[in-house]
Amino acid sequence: MTRSLLIFLGAFAAISMSYTALALIPSLQLSTIEPTPGTADYTFEEQRGRDIYVRDGCLYCHSQQVRPEGFGADIRRGWGSRPSFPGDYVYDDTHQLGSMRTGPDLHDIASRQPSRDWHLAHLYQPRSVSPGSVMPAYPYMFEVKSRSNVLPSDVTVPINPEYAPPEGKVVVAKDEAIYLYEYLMTLELQPLNEDGASQ
Amino acid sequence: MPESDVTPPSSTPGLPPGASPDTLEANWRRGVDRSTRLPVIAFVGSSVFWLLIGSIFAIIASLKFQMPDWLVQSGWLTFGRIRPAHLNTVIYGWLSMGGIGIATWLWARLLKTKLRGRWMLMLSAALWNLGMVLGTIGILIGHSRAIEWVEMPYYAFAFIVPAMLLVVVPFVWTLRHRRVKHLFISVWYLGASMLWTPFLLIAVLLPIYQGVPEATVNWWYAHNILGLWLTPVGLAAAYYFIPKVIGRPVYSYHLSYLGFWTLALFYNWAGVHHLVGGPAPQWLVTVSIVFSVMMIVPVVVVAVNHHMTVVGHFKKLKYSPTLRFVVFGAMSYTVVSLQGSLQSLRSWQEITHFTHYTIAHSHLGVYAFATMIVFGAMYYIMPRAMNWEWESPRLISIHFWTTGLGVGAYFTGLTIGGVIQGIQMLDPSIDFLTIVEDTKPWLAVRTVAGTLMTIGHFVFAYLMYRIITRSGTRREGPVYFHPAPAGMFGSGAGDGSSAETTATPSGATRSARSDDDAERPGL
């Protein structure tokens with residue numbers, strides 16, 4: 001056997017073993033997993049909101065995984081009543097587990113902050129509801145309209161006076177902001193027992 | 001030019017009058033170097049372009065922490081798009097293209113034969129750049145897949161994967177025409193990574209994963225693109241250039257192969273420690289932690305080999321730009337890898353996971369190790385491929401100090417900031433917004449440090465532009481930071497052909513043969 005063939009075979013064996021172990025076996029192991037109770041497939045609007053979440057890279061500051069009691073303080077911080085399980089993610093086609101918490105974890109955001117007005121104001125101007133936040137504002141998901149032009153179907157967003165548009169104007173959420181909110185409301189962890197059954 | 005090879009001179013009989021075997025061999029080697037010129041210009045030139053683009057994205061992303069309401073009016077400059085655009089341009093544009101440029105030159109040099117299939121490399125560079133343009137624009141206009149380290153949309157990888165495969169063909173072709181029996185360790189690393197990288201890319205792009213398994217594949221890939229692509233290229237370059245410039249053989253022949261096989265066997269398993277504490281199966285995370293810790297073996301082996309080669313020759317760092325950058329990179333490799341092994345432990349991850357500490361760690365690997373070695377290698381390669389010298393030692397010095405101090409400040413700032421952030425996050429009585437407030441000074445350090453590094457990149461790009469266009473006056477002799485004392489890099493040092501042969505299986509060290517191109521000893 002020539003030396004270059006030895007290198008080739010050795011290198012190939014090394015990578016195919018780790019690929020099998022770290023990619024294929026977990027896929028098999030989790031392929032039969034049931035969604036945890038309370039986890040449903042996304043509706044059309046929720047999926048569109050999720051696409052916006054992916055598109056604008058929310059993952060780079062917000063993880064979606066609650067760590068168990070005894071490892072980190074996630075549960076004591078109120079970021080979830082239980083740790084995340086693989087069954088929570090079965091409908092997630094682009095995983096958004098994340099590796100960063102410049103902002104808080106969002107896996108249970110719907111439980112602790114369900115208010116639509118809060119979320120829309122937060123997206124329009126994070127510092128209007130969370131002073132000191134470093135989150136970017138997303139004004140392009142909103143429209144600033146004259147009060148007289150607001151349609152009955154428009155969702156207007158109450159904004160803290162310090163950040164509100166000038167007198168006579170109002171902030172109206174575009175569809176993408178509403179879809180994003182609807183996606184965030186799917187992020188809710190139902191309380192479960194240790195073994196993953198409903199309480 | 002036909003792909004005929006120049007036969008290396010074998011022995012003295014039949015020499016033309018006045019020609020010594022050394023000068024003939026030097027001429028022949030110059031022919032080998034010249035055969036790599038066009039692909040080296042294509043890949044190295046493109047890589048520097050992407051370095052500048054990536055640096056600009058980095059500055060914008062970092063400044064947004066100081067000014068979160070800056071450039072928010074439209075989506076394409078929002079943080080969540082600029083940041084992955086930064087990562088993808090520096091990984092796939094700067095380091096990958098630069099790495100292939102360096103590998104191309106090293107490959108011909110180490111196999112002592114002219115590069116075959118250059119047109120394929122040129123085509124590959126064109127496809128690769130096209131893929132980068134599409135991918136970068138794709139992320140910015142909102143086609144990011146938000147899978148960390150593989151954000152570019154499929155239509156960008158549709159160009160990059162074939163480009164990667166196209167690189168393999170000329171490499172194998174050249175290997176088949178090699179004029180050496182013994183394969184130097186750098187060939188091992190480069191050859192293996194030419195198999196690993198397309199494997200990794202294709203495997204991660206398969207649309208067969210969902211939910212948590214997608215996350216494990218994601219981190220298997222993301223960690224391996226560092227470990228099985230950027231690391232082998234960086235180590236191959238360090239194994240070549242350190243002994244080369246110093247003029248002494250690699251410390252131990254046996255250790256270098258132990259280092260190779262342990263890296264090949266251990267590194268690929270280490271990535272899933274990024275999911276520690278998360279919803280991935282526990283056995284997976286445990287396996288990854290075990291292998292992360294076992295990485296101490298290849299790291300220590302490589303560290304001993306590199307640093308023992310330098311010991312006794314530290315004063316040469318004062319003169320040679322190549323040596324200074326490469327040794328900086330090799331030392332950073334030791335630090336970042338040992339840090340990586342330690343921080344994979346659950347107790348340490350509990351604090352540092354999800355914090356800016358991780359960003360500091362990745363920049364220690366991707367920048368202080370890989371990027372600095374790539375800079376050093378380019379300082380050696382370009383004068384030989386172009387047959388033209390660098391314009392200004394002063395500018396090289398500015399490049400070194402801005403990037404070296406910049407990454408030092410970057411790493412220190414975010415490490416401290418990240419640990420504070422992590423400790424505070426473990427205390428639920430501390431309000432989250434207080435933690436955000438407390439990280440702000442460290443994020444400001446990051447912007448300042450990043451700006452410093454970017455200044456260095458523009459200086460480097462200017463030097464690169466001048467050498468590729470062969471501008472300025474022709475310099476005599478190599479560029480050193482200071483005039484080198486006579487004999488420092490003289491005959492016997494910086495040997496052209498011996499770095500790959502002087503570490504013999506018996507461990508005996510032969511004195512290095514005289515230099516490949518005597519007018520540029522040591523650099």
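Is strand E3 (residues 169-173) of chain A mostly covered or mostly uncovered? It is mostly covered: four of the five residues in E3 of chain A are buried, where buried means under 20% relative accessible area, exposed over 50%, and partly exposed in between, using a 1.4 Å probe and protein chains only. Before going on, keep in mind that this is a predicted model, where local features need pLDDT of at least 70 and side-chain atom pairs count only at pLDDT 80 or more, while totals for chains, interfaces and linings use all residues. Residues are numbered from 1 along each chain as its sequence is written, chains are lettered from A and ligands numbered from 1 in the order in which they are written, and side-chain values use heavy atoms, with hydrogens and water left out.

Let's stay with E3 of chain A for a moment. Strands (E, at least two residues) and helices (H or I, at least four) are DSSP runs, numbered from the N terminus, and two strands pair if DSSP finds at least two bridges between them. Strand E1 (residues 142-146) of chain A runs antiparallel to E3 of chain A, with five bridges joining them; here A:Glu143 stands opposite A:Val172. Strand E2 (residues 155-157) of chain A is also antiparallel to E3, through three bridges, and A:Val155 has A:Ala173 as its bridge partner.

Zoom out, and chain A splits into domain 1 (1-30) and domain 2 (44-184), with bounds from an automatic or database domain assignment. Their centres, taken over C-alpha atoms, are 41 Å apart.

Now hop over to chain B. The largest nonpolar core has 191 residues, and B:Trp94, B:Trp149, B:Tyr221 and B:Phe241 have the most contacts inside it. Such a core is a set of buried Ala, Val, Leu, Ile, Met, Phe, Trp, Tyr and Cys residues joined through side-chain atoms within 4.5 Å. Helix H7 (residues 211-246) of chain B gives the most to this core, with 23 residues. Apart from it lies another core, of 28 residues, including A:Leu106 and A:Tyr183.

Helix H7 of chain B also holds B:Thr216. This threonine is buried, with a relative accessible area of 0%. What is it in contact with (heavy atoms within 4.5 Å)? Leaving aside neighbours within four places in sequence, B:Thr216 is in contact with A:Leu22, A:Pro26, B:Val272, B:Leu275, B:Ala280 and B:Leu284. A polar atom of the B:Thr216 side chain lies 2.9 Å from the backbone oxygen of A:Leu22.

Technical notes:
Polar contact = N/O pair within 3.5 Å; in protein donor to acceptor, adjacent residues only side chain to side chain. Contact = heavy atoms within 4.5 Å.
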